[in-house]
Amino acid sequence: SINASKDSKKPRDKLLGGLLTADFDEDSCLSRYQSSLYRKPLSYYTSQYLNSKLRSYEMLHKRCGPGTNAYKKATKKLDHDESYASKSVGECKYIVWIASYGLGNRILTLASVFLYALLIERVVLVDQRKDISDLFCEPFPDETLGIQIRVFSRRAGYFQHVMDQIITCTQREKLLPEVASQEESQVITTNTSKSPKLKAVLVTSLYPEYSINLKTMYWERPTSTGDIVEVYQPSGERVQQTDKKLHDQKALAEMYLLSLTDNIVTSARSTFGYVAHSLGGLKPWFLYLPVRGKASDPPCVKAISMEPCFLTPPTHGCEAKKGINSAKIVPFVRHCEDLRHDGLKLF
Ligand code: GDP
């Protein structure tokens, strides 16, 4: 019929009506998108309810899954007490799947445990000691990190102490993996049983050296986790050229790109960074301003809210002279974390 021939020309919906998210890197798992092309087109779609449960599961997995503090705590406890699988770390509750029997049993139990986890809002931890990661693709869009580096000193540019501060902060906060030692590199290169995860890092700065050095660091050695870190910087304008169209367009594009990342590290006191994290609804890690050529310890602090900081708030009315601290009397307002005892922000 005419309708049938029209239908056969219609491009197939790669995302299967919302069952898959568009957030994956397609090349990371071709079968995810292509396996459905070998079948007849689906005559029915998944329910919107299931799709929304899948998206909220992905968010939960991001907050509680591998690479997060909650996961670290949970696995530490699991080492000592196997019954811990039914307990929780804060909002993070887990269910552990352990491989047993043949492949049929494994596929059915994995599907069942996933549906169960979806319904009871638990995170599935999959036992990867066997060959499971060689058979199936990583199911999560797994992660992006945004790093915005603004240098405010009079002689701005590349500074080794700022670079060191970025590395200390991102590794201490488990936002990026550490680089393996020479001996560890050998083990990681020969151990192929675990499929590596990909972490994409978006660096924005007027200076290209920060991303070049980060890229070189992860290029020369594998990471201690075996995961892969890719680093991108869209522009390196070197000098601020406000009101120049192309320059401002790049700045706007970069604030927007930063806002799309999963986690964000920004330089203290930069409104460029404030726009990026607020737009993305993200609570950033702020890199403290270096003092006299030295990065502070700790190198960064996690924000209490996604709100931007009001850098120059008015003093508290006529009582200003008495040293009244607005942050202590105005409700829902605090000093900004990145300025330590200055500025005001909503929390
Ligand atoms: P602030 O000075 O950091 O508070 O932020 P503003 O946005 O008001 O001024 C900084 C300006 O410098 C930006 O608007 C850009 O023109 C430029 N700039 C600073 N950092 C970057 C960056 O990472 N990327 C780009 N493209 N421009 C930047």
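Colleague: Which strand and which helices each supply at least two residues of the shell around the ligand?

Modeller: This is a predicted model, in which local features need pLDDT of at least 70 and side-chain atom pairs count only at pLDDT 80 or more, while totals for chains, interfaces and linings use all residues. Residues are numbered from 1 along each chain as its sequence is written, and side-chain values use heavy atoms, with hydrogens and water left out. Helices (H or I, at least four residues) and strands (E, at least two) are DSSP runs numbered from the N terminus. H10 gives the largest share of the shell, four residues, and the elements that each supply at least two are strand E5 (198–205), helix H10 (245–259) and helix H11 (271–279).

Colleague: Which residues come nearest to the ligand?

Modeller: A residue is near a molecule or strand if one of its heavy atoms lies within 4 Å of it. By class, the shell has four nonpolar, seven polar and three charged residues, where Ala, Val, Leu, Ile, Met, Phe, Trp, Tyr, Cys and Pro count as nonpolar, Asp, Glu, Lys and Arg as charged, and the others, Gly among them, as polar. Of the 14 residues around the ligand, those that come nearest are Arg150, His247, Glu254, Ser270 and Thr271.

Colleague: How far does a polar side-chain atom of Glu254 lie from a nitrogen atom of the ligand?

Modeller: A polar contact is a pair of N or O atoms within 3.5 Å; within protein, one must be able to donate a hydrogen and the other to accept it, and residues adjacent in sequence count only if both atoms are side-chain atoms. For the polar side-chain atom of Glu254 and a nitrogen atom of the ligand, the distance is 2.8 Å.

Colleague: Where in the chain are Cys64 and Cys92?

Modeller: A search of the whole structure finds three disulfides, a disulfide being a pair of cysteine sulfur atoms within 2.5 Å. Cys64 and Cys92 form one of them, with their sulfur atoms 2.2 Å apart, and -70 degrees about the S-S bond makes the link left-handed. This pair links distant parts of the chain, 28 residues apart, with Cys64 in helix H3 (residues 48–64) and Cys92 in strand E2 (residues 92–97).

Colleague: Why is the disulfide of Cys169 and Cys300 assigned its handedness?

Modeller: The sulfur atoms of Cys169 and Cys300 are 2.1 Å apart. Because the torsion about the S-S bond is about 95 degrees, the disulfide is right-handed.

Colleague: How many residues apart in sequence are the parts tied together by Cys309 and Cys336?

Modeller: A disulfide joins Cys309 to Cys336, S to S 2.0 Å, and 85 degrees about the S-S bond makes this link right-handed. Because Cys309 lies in the loop between E9 and helix H12 (326–329) and Cys336 in the loop between strand E10 (333–334) and strand E11 (345–346), the pair ties together parts whose separation in sequence is 27 residues.

Colleague: Is His277 buried or exposed?

Modeller: His277 has its place in helix H11. Leaving aside neighbours within four places in sequence, His277 is in contact (heavy atoms within 4.5 Å) with Ile264, Leu282, Pro284, Phe286, Met306, Glu307 and Pro308. Buried means under 20% relative accessible area, exposed over 50%, and partly exposed in between, with a 1.4 Å probe and protein chains only. With a relative accessible area of 0%, His277 is buried.
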